[in-house]
Amino acid sequence: MPRRPVPAAWSDPAVAPGDEVVFDRLDLAEILGIWRHARGRVVGLHRPRGAAATVDVKFEGHETLERYLPDLFRRVH
């Protein structure tokens with residue numbers, strides 16, 4: 001899936017919609033019951049005015065994880 005354009009409200013985001021990601025925090029992946037190296041896709045970006053940016057990530061076999069901090073994930077190159 002190609003990387004989609006990032007909304008102008010985002011400045012230098014770590015991830016963008018369509019990016020394939022893995023957890024950068026393996027302890028969190030284990031707590032959530034997701035395989036350590038499972039790859040997910042960013043399906044949503046949120047940045048309410050003045051609030052911290054969050055992302056929604058969909059992993060195969062799991063519901064969409066909503067409103068997680070982008071720095072918990074690492075983009076797969």
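**E20 and its surroundings**

Tutor: E20 has a relative accessibility of 24%, so this residue counts as partly exposed. The model is a predicted one. E20 forms a salt bridge with R39, and the closest N and O atoms are 3.3 Å apart. Because E20 lies in strand β1 and R39 in the loop between α1 (26-32) and β2 (40-46), the pair ties together parts 19 residues apart in sequence. R39 is partly exposed as well, with a relative accessible area of 47%.

The structure holds four salt bridges; another of them joins D24 to R74, with the closest N and O atoms 3.6 Å apart. This pair also links distant parts of the chain, since D24 sits in the loop between β1 and α1 and R74 in strand β5 (residues 73-75), 50 residues apart. D24 has a relative accessible area of 45% and is partly exposed; R74, at 44%, counts as partly exposed too. R25 and D27 meet through their side chains in a salt bridge of 2.8 Å, N to O.

Strand β1 also contributes to an aromatic pair. There are three such pairs in the structure. In one, the ring centres of F23 and F59 are 5.4 Å apart and the planes are at 5°, so the pair is stacked. F23 belongs to strand β1 (residues 20-23) and F59 to strand β3 (residues 54-59), 36 residues apart. F23 and F59 are both buried, whereas E20 is partly exposed.

Key: Residues are numbered from 1 along each chain as its sequence is written. This is a predicted model: local features need pLDDT of at least 70, side-chain atom pairs count only at pLDDT 80 or more; totals for chains, interfaces and linings use all residues. Side-chain values use heavy atoms; hydrogens and water are left out. Rings of Phe, Tyr and Trp (its six-membered ring) pair if their centres lie within 6.5 Å; planes under 30 degrees apart count as stacked, over 60 as edge-to-face and the rest as tilted. Helices (H or I, at least four residues) and strands (E, at least two) are DSSP runs, numbered from the N terminus. Buried means under 20% relative accessible area, exposed over 50%, partly exposed in between (1.4 Å probe, protein chains only).
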